Amino acid sequence: MKISRRNFLKSGVYSTAATSIPLSLSLPSSALANENSDYKALVCLFLYGGNDSFNMIVPQSGNNLLNYQAARPDIQLWPHELASNGFVADDAQQPLILNGSMPKIAQLFEDKLATSVVNVGTLIEPTTKANYSTVKKSPNLGAHNKQQLAWQRGWETSQYHPYGWAGMMMDILASGAETVSPNLSFGGNELMNGQGTQDLRVSTSGIRAMSSLAVNSVNNNLTKYLADNTASPFGKAYLQRFQEIYDFQSTLGDLLDQYPEDPSIPSSYLGSQFKMVKRLIQASSGLNQSRQIYFVSLGCFDNHSNQRGKHDNLLASIDDAVSAFYASLQSDGLENNVVTFTMSDFGRTIENNGNRGTDHGWGSNHLVVGGSILGGKAYGRYPEFVKDGSDAIGNKFIPTTSSEQYAATLCRWFGLSDTGVDYIFPSLSPDNDNAFSSRYLGFLGSDVVASQPLPIVSVSASKTRVDHTPQMAIDGDLTTKWTAKGYGVTFDVELSSLSSLETLRVSQAKGDVRQYFFDILVSSDGTNYTLLQQYQSPGDTTAYVDISLGSQQAKYLRLVCNGNNDSANEKLVAWNNFQELEVWGRSI
């Protein structure tokens, strides 16, 4: 059953005589039509108070684990308190693991259906310890209300936009045919508000035709007045408008009743919100909504004292609700259409305080869950866990990834163009003086149509066999290959122009019996290179293997080859090869 918003408007409820009623049923001012078959939803889980995400995702091993333990003697996670699976490595190949209170999300990590974006924060431009005193910074760092706003809006030259980034996006993407606002929230927020779209407040008990009716006292008082309408003729006409709203609300309720609660989602405070989100997703076709954005929340994360038990319980609540919500979507074949992601005021301090808690920080780690996730790794670089260390200013981590890059990646998957991203997030423009390396982070990939093989101008190598030249790796023939013996052998690729690099595709001879090791670096000028990752091939195929490059902007690619782990013949471990190599992405 589909509800016609046009018929609702014709009923007079949204007529001139009713303009004094603060309806939330407004059409966006700018529309871009979408097909219902292309349904997508974003679910923002906001963790109020500042989640200590550095006790949610921690170093698994190595020196940084020792740094973590030294920094947090009173609240650290011991080995038996860590998840037993779902290990991931960040962009620097640092091994990371989830808190043991989140075993179900750890399994989603294991299944590559969830990931983490690490050390994210409210950056206006790339910020390091070296340039900290000279770059623009988000105002009021450490203030709950100001940083909550900063996460939910984009920076516009000298201040934050007056509208939330999700609301601005829906101003562009909403089709205009929606029965009610496609921005649906369970509480106050800045994220959903656009110039032409506002959020519609919903509750765990249902959807209201007006946001104000989500307040039980308002709803009850109006019900009482309508039951005993003894007002003046003008008052009766005014209340009649409300009666029509109630009638429409009843129709909405009838639609929602077709989709009962999923009992597999827990009935906790957070779980109850996800129960209603699932029902509204199922009702999206009847509401004429091909795009929906939800805002759910959980509080009590501002733990300045006795943090461990309280925080672990909160993480367990997230684990139960989010994993059950994903499983419910999966049972209906909707898992690829919905992405759930976390946001929070800020991270917490590097070292615990004297009260077995943490104080307000800056950089933070976040979870992203959905069938469209490119899992199997963490995105971004986890910081050195040292107070006032190379990645810190005092007791706070300096973010290495912008919250706006995080948001832009979600927006791009949702259907926003690069032009739309630049409009909402001008701080990400590649034309800025101190520009970010890319608009997007790559954890959701990109539109398949937009990504294509990029023209390669030339290839070269620091070593090569005469009969196995670098050009053989790009000749389209899997029976030929480039080979060279040695460690630290460079294989350089020059593209025709500066591009957004999304995927490196490589095929390697004997890749089904050995693993190859090579570092991946990128450059815009062919001189100054940045390390993206230290790669280890799967060792079970000679077919193409896809390696995510995270939408990095570059013209040059350098692969530093370091041999293989051939167990059958130790004399062969120093050999490197590429049968074929392709770089996929989009020209800028």
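**Pockets, cysteines and a sheet**

Author: Strand E23 gives the most to the lining of the largest pocket, with five residues. The model is predicted, so that local features need pLDDT of at least 70 and side-chain atom pairs pLDDT 80 or more, while totals for chains, interfaces and linings use all residues. Residues are numbered from 1 along each chain as its sequence is written, and side-chain values use heavy atoms, without hydrogens or water.

Reader: How much space lies in the largest pocket, and which residues lie nearest its centre?

Author: Rolling a probe the size of a water molecule over the atoms shows where empty space is left. A pocket is an open set of points on a 1 Å grid over the protein atoms alone, where a 1.4 Å probe fits, with protein on both sides within 12 Å along at least five of seven lines, and lining residues have an atom within 4 Å of a point. Here the largest pocket holds about 1,200 Å³, the volume being the space filled by probe spheres set on the points. Its lining has 41 residues, and Phe436, Ser437, Thr530, Leu532 and Gln552 lie nearest the centre. Strands E21 (516-523), E22 (530-536) and E23 (545-564) each supply at least two lining residues, strands being DSSP runs of at least two residues and helices of at least four. By class, this lining has 17 nonpolar, 18 polar and six charged residues, with Gly counted as polar and Tyr and Cys as nonpolar.

Reader: What lines the second largest pocket?

Author: The second largest pocket has about 760 Å³ of space. Among its 25 lining residues, Lys112, Gly375, Gly376, Lys377 and Tyr535 are the closest to its centre. Strand E3 (88-89), helix H3 (103-110), E22 and E23 each supply at least two residues of this lining.

Reader: How many disulfides are there, and is Cys411 buried or exposed?

Author: A disulfide is a covalent bond between the sulfur atoms of two cysteines. With the cut-off of sulfur atoms within 2.5 Å, the count is zero. Cys411 is buried at a relative accessible area of 0%, and Cys561 is buried at 2%, where buried means under 20% with a 1.4 Å probe and protein chains only.

Reader: Which strands form the open sheet, and in what order?

Author: Strands of a sheet pair through backbone hydrogen bonds, either parallel or antiparallel. An open sheet of three strands has the order E2-E4-E3, with antiparallel pairing, where pairing needs at least two DSSP bridges. E2 (57-59) and E3 stand at the edges with a single partner strand each, so one side of each has no neighbour in the sheet. Three bridges join E2 to E4 (residues 95-98), and Val58 has Ile97 in E4 as its bridge partner.

Key
Buried means under 20% relative accessible area, exposed over 50%, partly exposed in between (1.4 Å probe, protein chains only).
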